[in-house]
Amino acid sequence: MEIGFHIPDFGAHFRLNNILISTVKKYPEYFIDGLKIKSVFGAFPGSVWNGGRYQGGTTDMQTVRGVIKMFGDNDIPLRFTFTNPLIKEEHLGDSFCNQVLRAADGGFNEVIVMSPILEEYIRKNYPKYPITSSTCKQIEDMEGVKAELAKDYKYVVLDYNWNNKFDELEKIPAADRDRCEILVNACCTPHCPRRGEHYRQIGSEHIKAWEHQKNPIGKPYRYTEFECPHMLKNIYNIKDLETYVSPSDIIQKYAAMGFSNFKIEGRTVADVSLLETYVHYMAKPEYRDEARLTMMLRLTKSIRYFMR
């Protein structure tokens, strides 16, 4: 059975993901059977529609087109994480976000959404894009999950609080399970009461940065960090959380139930931390050391080349 992973981030982790893709191709014996990288999600810096994680700065369109081509040449779609919950009509005409969608249009690349206003705009103006429903919606009742799956979404990323609740997951119709996406390495504390506030704060910061770019005062925008110690956790810090999904459970439990799509978060973590997460989930246990060393050596070489 295919085990599909949706991984972060086509901008911040471009180099690492390029290495992962080529290593999987060159050394398939290192990796679990049926492994497929189904998409790379994220947003280019400068995207006011961006949500979930803050990424400041700007991106030129030459870079955008280069990234689109690289992943497209590897048959891996970009999934634009346009999940800012505070989007209003005034933000829909943003030049950069619309240029990005036009550059990647054609029915291959994808969008993940949260805001109904933005979703309606994209469906109307970019109808070829497959759309995914975001975990940021925090749908924690099963009837709500079923209702979301009944809509025209390619995937629905389940709230991480459904993780390991197999009696409840059994209630999802079998025909819809391969359209569900399981967030396997959530760093948030289960049922975090500040999660919605955190998403809104990130959305607000993207809008403030967008406004700053339109009226620059000679200084870069200074992001206000949301105080949350969980954001710094790595794959080994979360193993005791009830929402942690183990590599063996992916194959022995989830895949056996018909769930085949799994999301790895980590858009803003260090490359080495994300690499360890990739090895944890994608490499066969007996080949984890070889896979890790192979990718670490290539990552180190690429960084040295970049810094010359």
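A residue is termed buried at under 20% relative accessible area, exposed at over 50%, and partly exposed in between, with a 1.4 Å probe and protein chains only. The structure described here is a predicted model, in which local features need pLDDT of at least 70 and side-chain atom pairs count only at pLDDT 80 or more, whereas totals for chains, interfaces and linings use all residues. Residues are numbered from 1 along each chain as its sequence is written, and side-chain values use heavy atoms, with hydrogens and water left out.

Helices (H or I, at least four residues) and strands (E, at least two) are taken as DSSP runs and numbered from the N terminus. Two strands are regarded as paired if DSSP finds at least two bridges between them. On this basis, eight strands form a closed barrel in the order 1-2-3-4-5-6-7-8, with parallel pairing. Neighbouring strands of this sheet are turned against each other by 30° on average, direction ignored. Such angles run from 0 to 180 degrees between N-to-C directions, and the axes are lines fitted to C-alpha atoms, for helices over the stretch in contact.

Strand 1 is mostly covered, as six of its six residues are buried. In a regular strand the side chains alternate between the two faces of the sheet. In strand 1, I3, F5 and I7 point one way, G4, H6 and P8 point the other way, and all are buried. Strand 1 pairs with strand 2 in the parallel sense over six bridges. Within this pairing, G4 has K36 of strand 2 as its bridge partner, and I7 stands opposite V40. Strand 1 is also paired with strand 8 (residues 261-263), again in the parallel sense and over three bridges; here F262 is the bridge partner of F5.

Strand 2 is likewise mostly covered, with seven of its eight residues buried. Three bridges join strand 2 to strand 3 in a parallel arrangement, and V40 has L78 of strand 3 as its bridge partner.

Helix 1 (residues 14-26) lies across strand 1 (3-8) and strand 2 (35-42), and runs at about 170° to strand 2. Together, strand 1, helix 1 and strand 2 make a right-handed β-α-β unit. A crossover is called right-handed if, with the strands pointing away from the viewer, the path from the first strand over the helix to the second runs clockwise.

Helix 3 (residues 95-103) contains the buried residues F96, C97, N98, V100 and L101. An α-helix has 3.6 residues a turn, so residues three or four places apart point the same way. Contact is defined as heavy atoms within 4.5 Å. The buried residues of helix 3 are covered by elements including helix 2 (61-73), strand 3 (78-82), strand 4 (110-113) and helix 4 (116-125). The N-terminal end of helix 3 is capped by D94, with a side-chain oxygen 3.4 Å from the backbone nitrogen of F96. Polar contacts are pairs of N or O atoms within 3.5 Å; within protein, one atom must be able to donate a hydrogen and the other to accept it, and residues adjacent in sequence count only if both atoms are side-chain atoms.

Two residues of helix 7 (residues 195-214) were examined, one of them being H206. H206 counts as buried because its relative accessibility is 4%. Apart from neighbours within four places in sequence, H206 is in contact with S47, V48, N50, G51, R53, Y54, Q55 and N84. W210 is also placed in helix 7, and counts as buried at 10% relative accessibility. When residues up to four places away in sequence are not counted, W210 touches V48, E90, H91 and D94. W210 and T83 lie 127 residues apart in sequence and 15 Å apart in space, C-alpha to C-alpha.

The structure holds zero disulfides, a disulfide being a pair of cysteine sulfur atoms within 2.5 Å. For C97, the closest cysteine sulfur is in C136 at 16 Å, too far for a bond; C97 counts as buried at 0% relative accessibility. For C188, the closest cysteine sulfur, in C187, is 4.6 Å away and is also too far for a bond. C188 counts as buried, with 14% relative accessibility.
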